[in-house]
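Here is a friendly walk through some side-chain packing you can follow on screen. Have the viewer ready and pick out the residues as they come up.

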Amino acid sequence: MAKDIFSGSTVKLFYNTDTANRNIISGGNVEIENVATFPVFGVKNQTATIETYDSEYTRAMVGDKQIDDLEIVVNYRPDSVTHQFLDNAYDKNEAFQLIINYIQDDEAGSIEGVMVSGNINSRVISGSKDEVVQMTYTYTPRNILSMGTRDIPPVLRRGDYGVGSNGTLDYPQYSPQEAEGNAFVMIPAADSDNPAGTDLYGIELVSQPTGQTNTNLMITNSGDLRIYARNNSTPWSRVYTSGESDTLYLSKSNNLSDLNNIVTARSNLNILSIGENDTRYMMGSRNLSEIVDVGAARTKLGVQSIAQSDSKYLQAINNLSDIDDAATARANLGIQSAVDSDSKYLKVIDNLNDVADKAQARTNLGVQSTVESDSKYVPKTTTINDIALSGNITLSSTDIGSLSIINNLSDVPDKAQARANLGIQSTVDSDAKYLIKSNNLSDLTDLALARANLDVAKTGDVFLKVDNLSGIIDRPAAWLNVRPQGSTPLAGDPVNDYDAATKRWVENLVGAGVTGPTMNGVMNYGVGDFHLRDSRTYIQPYEVTSDGQLLSRALYPELWAYAQMLSPIPDADWLNNPQTRARYSTGDGSTTFRVPDRNGVQPNSIRGLFARGDYGTSGDNGRVFEASAPNITAGIATDLNGKVWFPWSSPSGAFRTAGDGQTFRPDSGYSTGGQKNVLQLDASLSSGVYGRYGNGDNILPRSFVGVWVIRASGGFVAANTSWSVNNADSSLPPVNTVVTGGKVQSKYKVGVTDNFSADFYAQAAIGNGITEARIEAHGTNSAVMRFNSDGNLGITGEILPRSVNGIGGAYNPVVRKLKDQQSTDGSKSNYLSLLENVDCKVTNYIFTRIETGIAEYSWNFTRSDGYNSWFSMRSDNTMHTPLGQVSIQGSDVRIKENFEPVQKGAWERISKIGICEYTYKSNTIPQRGYLAQQMGEIDPLYVFEGGQAADDSGNEFQILNVNDKAVTADLITVVQELQTKIEDQQEQITQLMAMVHAQSISITELKNK
C-alpha cells in the first residue's frame, strides 16, 4: 500500500505491561477493544522568554519537550478484559506502555505509530439511558519510546542466526563471515579468522555497521577448554579458565601462601616479618617490658623507680611509720612521744592515781586525806556553821573551807596558782606550746623548716600518682624531656577542636576532602566547600545556599564540625558588622549556627560578592570588603592670588579641554576676555568600563551571576537509588564454576601493609541453585560467615551471646551440625555445645566408640574442682550415668531373643553375695548394697560395663554395673525353692501333728484304764 492520506479507521490502540519493551510491534501488545474516539497525541516545546540588557527586544529560548496527556475513550464493557486492565492500572497506579498504530503497510514492511510509557491519572464514566456508556481514561505519558515510521520485524525461524541450530542438514551451524545481527555462530577450525585451530562455538554481538568487526565470545568444541573473546576494536584475546589462572597467578583464598619465596617477596615490598618486627620494635601491649636497660631509660626520662621513690619519700599509706628517726622527727616538730607525755603528765583516765606524791599533792591543793578528815572531824553533826541540818542545805566552799568534788576543781579560787602547784599548764598554754592533733600539723610555725627536718618534699614540689603529672609547671619543656625519639605516635584520629591530627587523617583530608576513613567508588567531596551554582531553581540535596541563614546543628552536624575548625564568631558580632558576614557564627550558642552570607541576602549585607585570594596570609579571611577602586586625580592651575582660571598649558590627569577656543592667561585686570573653553572630567573617555550599566556604587569585574552554595554533607546522597558493586560475564560459565559478585571491602593499613580487613560479597557455584552471602574477616587469622539462599547460616568459631529463636515449622531444627564436620580420628566426634558458670560446665557432643562401634550422645559435667561426670545415651538402647547404666528395660518377649535355661546354683551364688555399707564419691548419702567386682567373681552374668567416670588421678574408665535383673532372677529362684521346701515341711509338720495327736489320745486312754 503506497503512503498516502489515510482515515482514522486504520488506527489501533494497544497496551503492553512490559515497560522495558522497545519494539512497537511486540508479542506483548494487547489491542484495546471498542475504542470510541481518535486518540490525540501531542508534543510541544517549552519556550522561555529572556530579557537582554543591551537590546530592546526579548529572546525566546526553546527548552524541554512537553508531552500532552492522552485520552483513551472506550465504549465501556465491564466484562472486557482490556477494559478491566485499564481499570486495574488506574486503581493500582501501575505504569504500562501505550502503542498507537496509525497505519501499517505490510507491503512496505513498515508501520507508522507512537509508543509511550506512563500512567492513568484519572477515569471518568459518562452516558445516559439513550447513549452508549463510555469510559474516558486520562493517560499521562512519561517518556516517548518510539515515534514515526518503523520497520516491521521479519519472522524469526529456527536456524536463523544460529537459533536452534544443531549441526544437522536441516539446521546447520551458522557460520557467516560477518553476522548481520546478534547470533549463535560456529567458526570452523580451517577458517583464517579462527585463533584456536579447532572448531569454536559461541555468540557474536553486532553493535556497528556492516564492514566492521563484531564482538565475539567463543569456546572450543573439543579438546582443552579454551575461551576466546574480541570486540570491534580489539583482536582475539585468550580468556583463561580458573584452572589455568591458578597456575599463573596467586590465589586470593590462599592469602599469599602460594608465593614461591616469601623472603624475596618481603624484600620486594620492603617490609619485615613478624619476628623481625618483634625483634626490632617494642610492642604497646607489653607496656615497655622489652626495654633493655630500664635504668638508662628512667635516666633519659628524668624519672625514678618505685623503689627509689619509696626509699626517698614518705608514703601516705604508712601514716609516717616509715620515718627513719622518729625521735629526731619529733624533736624537729617540737613534739614528744606518748611515752614521754605519759611519764610527764597526769593521764585523765587514771583519775590522779598516777600522782607521784599524793600527800604533797593534797598539801598543794590544800585538801586532806580521808584518814585525816576522819580523825579531825566528827562523823555526824547537827549543824554546820550554825546552820541546822533539819532539811536540805547548800554549802559553799566558803562554808566548809574545801573544794567541792562535784565542781571538778572549778571552785579553785586561784587556778593559775593551782596549776603551778600541780606542775601543769593551762589549755591555752598547751595550745600555744604544742601542736594540736586535730590541726594535722597546720599550726607549725615554719613549714619549710619542718619539712627540712623530716626530709620530705612540699606537696607542690612532687607529683602524686593520682594527679597523673597534672602539676607540671613547664609542660613544653617536660614534653621535650619525655617524648619518644622520632615521630610521636597518637592513640587515634582527632575528635575535638584542639586534638592533634594523625598523618592518616591529614592525608585523607587533603586527598579525599573528608576526615577519617575513605570509601572507594563514592564521590565524597569536602564538607564546607563553597562554589557557584547556576540558579536557585535546583540546589543539590547535600548543599545549602550561602545566604547567612541559621541552620540546626543537629540537622547539619558535619557542616557545624567544619565551622568550628574556622573559629566561628558570636552571632551578635556577625549581625552588627556586615564586614564579618563571610564567616560562620555560633548562632544561638547551643542548637544553631549561621553560615556566611556570600549572596548578600540578609539585611545590610554587602551584595554581589566574588572571592579572591588571601595574599598568602589569613589575616583577612572571612572579611567582606566594600567596592573600591584606585583614586582618580587631576590638576588645574591657579594664579598667585588663588583664583582658579582655565589653565593656559595642557591639563593633566583626567582633565581635558573641550571647545575650539585657545587657552589664555589672565591679564593684569583679571579680565576673562573672550574665553569659551570648558574644563570637564569624564572617566568614561579614558575607558568604557566607567559608567557601564549605570552602576554608581560598585566596581564590577568581568563576571557572571550564580548563587553561592556550601557543601553541607560529606555523605553519599542519592535519592531513590541503590549502590551496587557488580561483577559480570558475557555468558554463563560452565556448571559448578564458582563465581563471585563484586566485593565491598573495609580495610585498615599500616603503611603499605594490610593490618586487618573485612569483605562482603555474593558467591555461587553455577548450576547448584544456591547463592551465598559471605562475610570474611581477616587479621592474624581469618573466618567466613555464610548465609545461603536456602536459609542456612554457616559460622566458624563462636556465636555471639544471643538467644536463637527457631522459625519455619515444628520439624525444622534450630541448631544443626552435620556429619561433614565430624572428626577424622575414627571416633567421629562432633562437638555441639558448651554451657558453663563459675561452679560447673557441661559439654555436649556425639562420638562412636572405636573398640565397640557403638555411637553415643554424651554430656560431660565438670565441677569447679575438676571432677568429671559422664552421662550418655547409646545406640545399643542403653542410658548411662556416672553411677552406672540406668536400668530401664522392657520385658516384652517381642524384644528378646536367644532364650536359654537358667544356670543351676542360684542358692550357692546368692549365698556368696557380700553386703556392705558405703557412699558414692559424688554423693555423701549412705548406701547399702554390694560391689560389682565381687559380684563379677560370683557370676559374670551379674555384671556389665556401662557409663564412664574418672579415678582420683584423672584416668577415665568404664563403670562396672550390677545386673540387678540377674540377681533378682536368682533371688526369685531361691524364694521359689524355699517355698517348695516350706510346703514340704508344712506337710511333714501336719503329719507329725496328727501323729502327736493320736499318741496323745492313746496316752489318755491308757491313763483312764
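F593 counts as buried, with 0% relative accessibility, where buried means under 20% relative accessible area, exposed over 50% and partly exposed in between (1.4 Å probe, protein chains only). This is a predicted model, in which local features need pLDDT of at least 70 and side-chain atom pairs count only at pLDDT 80 or more, while totals for chains, interfaces and linings use all residues. Residues are numbered from 1 along each chain as its sequence is written, and side-chain values use heavy atoms, leaving out hydrogens and water.

**Aromatic pairs**
- The structure holds 14 aromatic pairs; Phe, Tyr and Trp rings (for Trp, the six-membered ring) pair if their centres lie within 6.5 Å, with planes under 30 degrees apart counted as stacked, over 60 as edge-to-face and the rest as tilted.
- W560 and F593 have ring centres 5.3 Å apart and planes at 35°, so the pair is tilted.
- This pair links distant parts of the chain, 33 residues apart: W560 is in helix α17 (residues 557-565) and F593 in strand β19 (residues 592-594).
- Helices (H or I, at least four residues) and strands (E, at least two) are DSSP runs, numbered from the N terminus.
- W560 counts as buried too, at 13% relative accessibility.
- Y845 and W870 have ring centres 6.3 Å apart and planes at 90°, so this pair is edge-to-face.
- Y845 lies in strand β32 (residues 840-848) and W870 in strand β34 (residues 868-874), so the pair ties together parts 25 residues apart in sequence.
- Y845 is buried at 15% relative accessibility, and W870 is buried at 11%.

**Charges over rings**
- The charged end of R598 sits over the ring of F530, 3.7 Å from its centre; the criterion is NZ of Lys or CZ of Arg within 6 Å of the ring centre and within 35 degrees of the ring normal.
- K981 lies over the face of W907, 4.9 Å from the ring centre.

**Nonpolar cores**
- The largest nonpolar core has 23 residues, and those touching the most other members are I32, F41, I72, L86, F96, L98 and Y137.
- Such a core is a set of buried Ala, Val, Leu, Ile, Met, Phe, Trp, Tyr and Cys residues joined through side-chain atoms within 4.5 Å.
- Strand β6 gives the most to this core, with four residues.
- A second, separate core of twelve residues includes I910, I913, V962 and V967.
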